[in-house]
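Reader: I'm new to this one. Can you walk me through it?

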Amino acid sequence: MPEPYILPLDIRWSDLDPNFHIRHSVYYDFGAFIRMSFFTQFGLDEKVLLANHLGPILFREECIFRREIRFGDDVTINLQLSKASESFSRWSIRHHIVKDKETLAAIINVDGAWIDTQRRKLTVPTDVVAATFGKLVKTEDFEWVK
């Protein structure tokens, strides 16, 4: 069984809006940060992506805001696989942003796929992608899709 992947987040002064809580667009940056950190740590680093002519793309990105995050809050983010095709050519990832160890501050949902960076077309990825995605914790409502 895969281990949860959770990273701490540093809130910078520049992340704040005029109301002194995190700007909405920063949440999406946090999601991209943890996805790329996970990919890099588990075998899909820049060299592998370049060698295989692969790039992740998003079709949809949504954030559900639950609680404000302010400068100085203790914040973490995780990611879980919520949907995937058997080849992992299409996938959905859910992120939970938690403050002060127990308060759900936001949920980010993304739907993505892989693009062949030379042909500029959607592609079925190599086995290295399946090996990496196999290390993702699945959501309780995870589903395989066609």
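This is a predicted model: local features need pLDDT of at least 70, side-chain atom pairs count only at pLDDT 80 or more; totals for chains, interfaces and linings use all residues.

Reader: Okay. How many helices and strands does the protein have?

Author: Three helices and seven strands.

Reader: In what order do the elements run from the N terminus?

Author: The order is β-α-α-β-β-β-β-β-α-β. The radius of gyration is 16 Å, close to the 15 Å that the globule rule gives for 146 residues, so the protein is as compact as a globular protein of that length.

Reader: And what box do the C-alpha atoms fill?

Author: Roughly 45 × 30 × 25 Å, along the principal axes.

Reader: What share of the residues is buried?

Author: 43% of the 146 residues count as buried.

Reader: What about contacts between residues at least 6 apart in sequence: what share joins residues at least 24 apart?

Author: That share is 68%.

Reader: Switching to charges. How many are positive and how many negative?

Author: There are 19 positive and 21 negative charges. Their mean positions lie 5 Å apart.

Reader: Now the rings. How many aromatic pairs are there?

Author: The count is 14. Take Phe-88 and Trp-144. Their ring centres are 5.8 Å apart and their planes meet at 65 degrees, so this pair is edge-to-face.

Reader: Where do Phe-88 and Trp-144 lie?

Author: Phe-88 is in the loop between β3 (75-85) and β4 (90-99), and Trp-144 is in strand β7 (residues 138-145). The pair therefore ties together parts that are 56 residues apart in sequence.

Reader: Is Phe-88 buried or exposed?

Author: Phe-88 counts as buried, because its relative accessibility is 7%, under the 20% cut-off. Trp-144 is at 47%, so Trp-144 counts as partly exposed.

Reader: Which residues do ring pairs link into a cluster?

Author: The cluster holds Phe-39, Phe-88, Trp-91, Trp-114, Phe-133, Phe-142 and Trp-144.

Reader: Back to Phe-88. What is its phi?

Author: About 60 degrees, a positive value, although Phe-88 is not a glycine.

Reader: Why point that out?

Author: Because most residues other than glycine have a negative phi.

Reader: Okay. What is phi for Arg-120?

Author: Near 60 degrees, again positive in a residue other than glycine. Arg-120 sits in the loop between β5 (103-116) and β6 (121-122).

Reader: Is Arg-120 buried or exposed?

Author: Exposed, since its relative accessible area is 56%.

Reader: Let's move to the strands. Where is Pro-8 found?

Author: In strand β1 (residues 5-9). Pro-8 has a relative accessible area of 61%, so Pro-8 is exposed.

Reader: What does Pro-8 touch, beyond residues up to four places away in sequence?

Author: Val-75 and Thr-76. As for Lys-99, its C-alpha atom is 9.8 Å from that of Pro-8, and the two residues are 91 apart along the chain.

Reader: And where is Gln-80?

Author: In strand β3. Gln-80 is buried, as its relative accessible area is 19% and the cut-off for buried is under 20%.

Reader: Which residues does Gln-80 touch, again not counting those up to four places away in sequence?

Author: Here is the list: Ser-92, Ile-93, Arg-94, His-96, Val-137, Lys-138 and Thr-139.

Reader: Last one. Where does Arg-60 lie?

Author: In strand β2 (residues 54-65). Its relative accessibility is 34%, so Arg-60 counts as partly exposed.

Reader: Which residues is Arg-60 in contact with, leaving aside neighbours within four places in sequence?

Author: Asn-109, Val-110 and Asp-111.

Reader: How far apart are Arg-60 and Asp-111?

Author: They are 51 residues apart in sequence. In space they are 5.1 Å apart, C-alpha to C-alpha.

Note on methods. Residues are numbered from 1 along each chain as its sequence is written. Side-chain values use heavy atoms; hydrogens and water are left out. Helices (H or I, at least four residues) and strands (E, at least two) are DSSP runs, numbered from the N terminus. The radius of gyration is taken over C-alpha atoms; the globule rule is 2.2 Å times the number of residues to the power 0.38. Buried means under 20% relative accessible area, exposed over 50%, partly exposed in between (1.4 Å probe, protein chains only). Contact means heavy atoms within 4.5 Å. Lys and Arg count as positive and Asp and Glu as negative; His and the chain ends are not counted. The place of a charge is taken as NZ of Lys, CZ of Arg, CG of Asp or CD of Glu. Rings of Phe, Tyr and Trp (its six-membered ring) pair if their centres lie within 6.5 Å; planes under 30 degrees apart count as stacked, over 60 as edge-to-face and the rest as tilted.
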